[in-house]
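This briefing sets out selected features of one protein model, grouped by topic. Please consult the sequence and the structure below alongside the text.

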Amino acid sequence: MHPQILIRPAVPADYDAIARITRDAYLAAGYFESADHPYMLQIQDVARRAAKATIWVAERGDRIVGSVTLAVAGEPYADIAQDDELEFRMLVVDPDVQRSGAGKAMVEAILDHARSLPGINAVALTTGLTWESAHGLYQKTGFQRAPERDWVVPDTDIKLLVYRQQL
């Protein structure tokens, strides 16, 4: 584990930091050209997301260094979760501290949490086709590709890849 990193539920005081880290991480990775992209605006509205999903933060010292959104089948933020799966989305780490263990700590906490949930037997996620560093993290933490579940974002030509880990 990562004792210097605390994974905890987000509180409203965290929302500005979550929005900034989400924006900065997606832009630094080249996922979007601008923070004004409609999807970028949507994911930066953390209060709206928190009203419909579970958001966790990774905290080192007094600083928020990452966040992730969790959902189960039937919830508004579940894109791909099947009935026995916990899905996570928008896992981001502040570009200033990437590769410091925060992403891995969040994934390990998600897996531990999923094991404690009745009826949940796997964890699934969607990631971008070209998001190589994310692919590496997921493979390193035991996820396997589920190519039969890959999908295209409605009304776009953006293909998303699905990874899954049986618990």
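Where does R99 lie? R99 is found in the loop between β4 and α4. The model is a predicted one.

**Backbone geometry**

- Most residues other than glycine have a negative phi.
- R99 is not a glycine, yet its phi is positive, at about 70°.
- With a relative accessible area of 77%, R99 counts as exposed.
- M90, also not a glycine, has a positive phi of about 55°.
- M90 belongs to strand β4, and its relative accessible area of 6% places it among the buried residues.

**The largest pocket**

- Rolling a probe the size of a water molecule over the atoms shows where empty space is left.
- The volume of the largest pocket is about 1,200 Å³.
- Its lining consists of 45 residues, and those nearest the centre are Y26, Y31, L91, T127 and W131.
- By residue class, the lining comprises 26 nonpolar, 13 polar and 6 charged residues.
- Helices α1 (15-28), α2 (38-43), α4 (102-116) and α5 (132-140) each contribute at least two residues to this lining.
- Strands β4 (85-93), β5 (122-128) and β8 (159-166) likewise supply at least two lining residues each.

**Helix α4**

- Buried residues of α4 include A102, G103, A105, M106 and V107.
- E108, A109, I110, L111 and A114 are also buried in this helix.
- The side chains of R115 and D112 form a salt bridge, with an N to O distance of 3.1 Å.
- R115 and D112 are 3 residues apart in α4, which means that about one helical turn separates them.
- Both partners are partly exposed, R115 at 49% relative accessibility and D112 at 41%.

**Salt bridges elsewhere**

- Side chains of opposite charge can pair when their charged atoms come close.
- The model contains 14 salt bridges by the distance rule applied.
- Salt bridges with shared partners link R20, R23, D24, R63, D94 and D96 into one network.
- R8 and D14 form a salt bridge in which the closest N and O atoms are 2.7 Å apart.
- D79 and R89 meet through their side chains in a salt bridge of 3.5 Å, N to O.
- D79 lies in the loop between β3 (63-72) and β4, whereas R89 lies in strand β4, so this pair ties together parts that are 10 residues apart in sequence.
- D79 is partly exposed, with a relative accessible area of 40%, while R89 is buried at 14%.

**A polar contact at R149**

- R149 occupies the loop between β6 (144-145) and β7 (151-152).
- The side chain of R149 makes a polar contact of 2.8 Å with the side chain of E85.
- R149 has a relative accessibility of 15% and therefore counts as buried, the limit being under 20%.

Conventions:
Residues are numbered from 1 along each chain as its sequence is written. This is a predicted model: local features need pLDDT of at least 70, side-chain atom pairs count only at pLDDT 80 or more; totals for chains, interfaces and linings use all residues. Side-chain values use heavy atoms; hydrogens and water are left out. On a 1 Å grid over the protein atoms alone, a cavity is a set of points where a 1.4 Å probe fits but cannot get out, and a pocket is an open set with protein on both sides within 12 Å along at least five of seven lines; lining residues have an atom within 4 Å of a point. Grid points are joined across faces, edges and corners, and a volume is the space filled by probe spheres set on the points. Helices (H or I, at least four residues) and strands (E, at least two) are DSSP runs, numbered from the N terminus. Ala, Val, Leu, Ile, Met, Phe, Trp, Tyr, Cys and Pro count as nonpolar, Asp, Glu, Lys and Arg as charged, and the others, Gly among them, as polar. A salt bridge is a side-chain nitrogen of Lys or Arg within 4 Å of a carboxyl oxygen of Asp or Glu. Buried means under 20% relative accessible area, exposed over 50%, partly exposed in between (1.4 Å probe, protein chains only). A polar contact is a pair of N or O atoms within 3.5 Å; within protein, one must be able to donate a hydrogen and the other to accept it, and residues adjacent in sequence count only if both atoms are side-chain atoms.
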